[in-house]
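I shall take you through one structure, element by element.

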Amino acid sequence: MMEITSLLIVEDLPEARTRLGAIVAEAYTNAYVQSVGNVQQARRAIDEKPWQMALVDLGLPDGSGLDVIRYAKKKQPDLMCVVSTVIGEDSQIVAALSAGAQGYLLKAQPDTQITKQLRQLQDGVPALSPAIALRIMQHFQRTGPVVSSSESLSARETEVLKLIAKGLRNSDVAIALGLAETTIATHIKSVYRKLGISSRAEAALHASRLGLT
Amino acid sequence: MLDFSWWNGDTPFGVREHLAATEQSEHHLPTMLAYVRTPFFTFAAVVAFTMMCIAATLFATLNTPWLGIQLASGTGNAVIAKSVATYGPFREVEAGSKIISLGAKNLPEQRITPKDILEEPDTLPTFEQWQAFKRNQAAFVAIIKQETFFATIAPPDAEVKRLTISATDQRPISDLPIEFWIQVLIATFGSLLGGWVLAFRLSENSAHFFAVCCLGFLGSILSSAIYGNRELAIDVGLYDYLSKVNSASTLLFAVAFASLLAVYPKKLANNFMIASVWGATLVVWLAYQLNMVPSPLLYGYLALLYATSVPLLVGQAIKARKDPIARMILYWIAFSFFLGIVFYILVSVLPIILGEDVLIPYAYTLLVFVPVFLGLAVGIGRYRLFNIDVWAFRLLSYFVGVLALLLVDIFLLYILSIDRLPAFGIALLLIGLLYLPLRNWLSGVLFKRHSISQLEFRQIIDVANMRSQAEQNDAWRKLMEQQFQPLETSTQEAAEYAKIEIVDNGLALRIPAIEGLDALELRFANLGKSLFGPRQLNQAGDMVALMKNALQSQQAFAQGVREERTRIAQDLHDNIGAQLLRTLHIANPGRKDELIADTITDLKDIVLNAQGDGINLSQMWAQLRFESAERLEDQNISLHWRADIDDDTYLNAKPAHNLRSILREALSNVIRHSKAKNVDVSLVQTKYKLNLTVADNGVGIADFESGGHGIANIKLRAEQLGGMFAFAESTVGTTIEVSLPLNLESE
């Protein structure tokens, strides 16, 4: 567990920026928060100083949030990127996850939910909704047999994803599988990591075919 | 009978049009006469005439006393029996014996000399020699016609002896030599070819000349077949008659041939000049008949007539320069002449290979005319002229192959002195190994089938993606022009071409209308330098097929986009619009936020339901379970979830929205009013229904009627879908039951 002390908000709508800023201030009381409105500004901010976390909106006026995530991962590999999106179209989220994002927030949710999710992220518990879990499973199925085992899902990870896709939350999955909730969180983080790795290889091709990028 | 159905509309002068033309003039002509002018009748008449001529030839050849002996000239002015029929009158004579003389009682003994068995007595240089030949023939006929006569013969290794012989009345048909049949066959071939061209070109000068040419050919060959294939003697009266027919036919052939080249494909000489040549020819023939002209002079005149074909061809070549069809016709004629020469070489070389006498029988030299006549017929009939390059290559390559085989064989035989059989085998092997691959490679290079390149593919797709019909038409036309470089392109808006076709003998290519693109007619391929041929046809076919496919997919795509747009508009109006309107009138901010959040979820459904096959119930329900658990956990309420639904149930946007709203509303009620610690949610799918039960262990609702907004909304949403809502009897808390009909996706 680590405390978030610096956070970058990349969001073009002023109202949403204000709202996210307030939510973040409540979730991470000691964090320094900066807000930018487009890809260019986001890059500059990333060049200027190190960040612990970035909340990135996908639809930006001068490009895609995916570019910001890729740039951030290149410049600051330790920076935790979280996608924030209104509708949360599954394909967009999976694309962002395979670009290196480690989580996502749905802005349509109530403030309290978002706050809760941010806190969980700080505690190292990534969120995964049923629809996204389903998408991720499909993604790994379609990328086919991967040469390296470090890039394909383990049996346990697949099991976790299956249960999440059925609507079970991390705690429910933990009970169902007789595991600790932290173990489930570890599995999910591993899935995110593998999604990022696999997509760098041949998966990129499949992803683009699926319309994921 | 011959089948004329292959003669399709490729050419503007097909049977159908000919008949149509005949029908038009029908009111002028009696029906019989109209029938007479059809190609079928003309051809049938020519066939009948040819058959009659052959029958007459056979009759004249067979209706003569038979000796059963084949004579040939031997050494030292001697005549020998080359072969003897086993059951013939001369059966006791050994083959190879000299036949010295024939004689009979009361008739002078007549010596046999090589001059008596000449194939073409007409070639005798002087009139006197010819008279002498006829006298001898008459004498032999007189002897043979006797009941019995005697023959003086000298067997190879024995004494001279005299045999008594009686000839049979009829020559058996099996006795006719192969040369006779070759002559009949070639004469028939020429005659039918002439008839074929005449049938389809009844009103054209060129066809008339060609037909006369073929008639001359027929007369010349058949007449000489009768006397040329005699055993020894022929009736002099018959011979005189045949000789007249022969010389007249030969002259007719030569003069018609020269006339043909003078008017076809381009008119080089006027009618007066042609008529003068015919007049001169008639004079020469009459003079020959009156014995005023000796035969060398006659043959000289014939050679002169043949020789005119060279300047005539040159003249034609010059005049045809700017006319692609005339040029193609000339190519054919020139090519067929060339083949004739190749044939002549073959015929000359063949006997050497076979080890026969180097002298070629007259009949074989006639083979030379086969390619020449074919070429002329095709040229005049203008039948699929545009195929010339392919055909010419095929024919030529075969002839060159055979020629090469023979030359290699001769080389092995005479230069390397290898035996005949192994030499032929080696030659065959060499040709097979060297020439055939070369030929195939050349054929591949010359007649490479057009395949659509990447660039052309992209251009076709670009045409399909043009926005307006006019732009598409324009681009398609430009693409075709770029492909075939025609001098003229015309858009045929009203034309209904059934298929891509070559018309006007390759001058034009017609491309039918494709999926809204106008039909096109391209004229004068390759800037007028060539004709449209099968290769262009293939190429156009490929491009049209691809274009059609591209347009169809484009239209299908556009149709899909239209349908999808309609669906989204409908869904937006019915769900999002209605919901936002309701939200507008709600004062409670918390409630408003909830509804807006719901609306965003609905919006996601509409956007994501892009395939139009609906929302997957089990996925939606999983998402709701996740969401509900989060909500209830915040309130310390535990959730028990049961879902008994099929994985492949799909709902439309409206029922999906209502079902989701019902659950959210029910759980909101639990959170707000029940003070419950536990909620059981169960969704069970039966064949026709979805049954939702939400049960809590809270305080319960005292008054069902005052259930508040939430309950009223649930009831309304259920009823909107034709479903039912009810409170269930329960000892603790509140249990609501909602039942929805499951033909939801079809509403």
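Let me begin with a definition: two strands pair if DSSP finds at least two bridges between them. Helices (H or I, at least four residues) and strands (E, at least two) are DSSP runs, numbered from the N terminus. What you see is a predicted model, in which local features need pLDDT of at least 70 and side-chain atom pairs count only at pLDDT 80 or more, while totals for chains, interfaces and linings use all residues. Residues are numbered from 1 along each chain as its sequence is written, and chains are lettered from A and ligands numbered from 1 in the order in which they are written.

Chain B contains 23 helices and 17 strands. Of its 747 residues, 32% count as buried; a residue is buried if 20 or more other C-beta atoms, placed from the backbone, lie within 10 Å of its own, exposed if 12 or fewer, and partly exposed in between.

I turn now to a sheet in chain B. Five strands form this open sheet, in the order β12-β14-β15-β17-β16, with mixed pairing. Strands β12 (638–644) and β16 (724–727) of chain B stand at the edges with a single partner strand each, so one side of each has no neighbour in the sheet. From one strand to the next, the twist averages 10°. Axes here are lines fitted to C-alpha atoms, for helices over the stretch in contact, and angles run from 0 to 180 degrees between N-to-C directions.

Let us follow the pairs. β12(B) and β14(B) run parallel and are joined by seven bridges; B:Arg642 has B:Ser682 in β14(B) as its bridge partner. β14(B) and β15(B) run antiparallel, again with seven bridges, and a hairpin of three residues connects them. Here the bridge partner of B:Val684 is B:Asn691 in β15(B). Finally, β16(B) pairs with β17(B), residues 735–741, in the antiparallel sense over four bridges, where B:Ala726 is partnered by B:Glu737 in β17(B).

Which strands does helix α21 of chain B touch? Helix α21(B), residues 617–634, packs on the sheet against β12 and β14 (678–685) of chain B, and its direction makes about 170° with that of β12(B). Contact means that the C-beta atoms of two residues, placed from the backbone, lie within 7 Å. Helix α22(B), residues 653–674, lies across β14, β15 (689–696) and β17 of chain B, running at about 10° to β15(B).

The next topic is the interface. Contacts link 17 residues of chain B with 17 residues of chain A. On the chain B side, α21(B) gives the most, with nine residues.

In chain A, UniProt places the feature "modified residue: 4-aspartylphosphate", from an unreviewed entry, at A:Asp57; such annotations may be inferred rather than shown by experiment, and positions are given in the numbering used here, with feature names shortened. A:Asp57 lies in strand β3 (residues 53–57) of chain A. Is this residue buried or exposed? A:Asp57 counts as buried because it has 25 C-beta neighbours inside 10 Å.

I close with some backbone details. B:Tyr264 and B:Pro265 are joined by a cis peptide bond, with omega about 0°. B:Phe524, although not a glycine, has a positive phi of about 65°, and with 22 C-beta neighbours inside 10 Å it counts as buried.
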